[in-house]
Amino acid sequence: GSSVGDFVSGSGNWLPIAVAAVSGAVMAVFIYLAEKKNLGWLESFSIAGSMIAGMAAAVVLNGLL
């Protein structure tokens, strides 16, 4: 919540929002694969995979700043 508030108020710090978006997108991919492609074993790794992808996105995006 405070990250969105800071961004909207004009501080310009978009990194937390971008990291949350990347993590959410990766989680959506895991859920899609687990439910639609019958890869149920991926469900066990969905949270960990999305967190790792989010942390990697934070490193990469922070390097671009």
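Before the first click, a convention: helices (H or I, at least four residues) and strands (E, at least two) are DSSP runs, numbered from the N terminus. This is a predicted model, where local features need pLDDT of at least 70 and side-chain atom pairs count only at pLDDT 80 or more, while totals for chains, interfaces and linings use all residues. Residues are numbered from 1 along each chain as its sequence is written, and side-chain values use heavy atoms, with hydrogens and water left out.

**Stop 1: the loop.** Select asparagine 38, in the loop between helix 2 and helix 3. Its phi is positive, about 55 degrees, although the residue is not a glycine. Is asparagine 38 buried or exposed? With a relative accessible area of 67%, asparagine 38 is exposed; buried means under 20% relative accessible area, exposed over 50%, and partly exposed in between (1.4 Å probe, protein chains only).

**Stop 2: helix 2.** Now take residues 15-36, which make up helix 2. The 22 residues reach 31 Å from first C-alpha to last, close to the 32 Å expected at 1.5 Å a residue (the expected span is 1.5 Å times one less than the number of residues). Colour Leu15, Ala18, Val19, Ser23, Phe30 and Ala34, which are buried. Looking down the axis of helix 2, you'll find its buried residues within an arc of 150 degrees, so they line one face; the arc is that of the directions from the helix axis to the C-beta atoms. Glu35 and Lys36, on the other side of helix 2, are exposed. For glutamate 35, the relative accessibility is 58%.

**Stop 3: helix 3.** Next, select residues 46-64, which form helix 3. Helix 3 has 19 residues and reaches 27 Å from its first C-alpha to its last, close to the 27 Å expected. Its buried residues are Ser46, Gly49, Ser50, Gly54, Ala57 and Leu61. They cover an arc of only 130 degrees around the axis, which puts them on the same side of helix 3.

**Stop 4: where the helices meet.** Show both helices together. Two packed helices are described by the angle between their axes and the distance between the axes. Here the axes of helix 2 and helix 3 come within 8 Å and cross at roughly 145 degrees; axes are lines fitted to C-alpha atoms, for helices over the stretch in contact, and angles run from 0 to 180 degrees between N-to-C directions. Residues making the contact include Val22 and Val26 of helix 2 and Ala53 and Ala58 of helix 3, where contact means heavy atoms within 4.5 Å.

**Stop 5: two close-ups.** Zoom in on valine 22, which counts as partly exposed at 30% relative accessibility. Leaving aside neighbours within four places in sequence, valine 22 is in contact with Ala53 and Ala57.

Finish on serine 50 of helix 3, buried with a relative accessible area of 6%. Which residues does serine 50 touch, not counting those up to four places away in sequence? They are Ser23, Val26, Met27 and Phe30. The side chain of serine 50 also reaches the backbone oxygen of isoleucine 47 at 3.0 Å.

Note on methods
A polar contact is a pair of N or O atoms within 3.5 Å; within protein, one must be able to donate a hydrogen and the other to accept it, and residues adjacent in sequence count only if both atoms are side-chain atoms.
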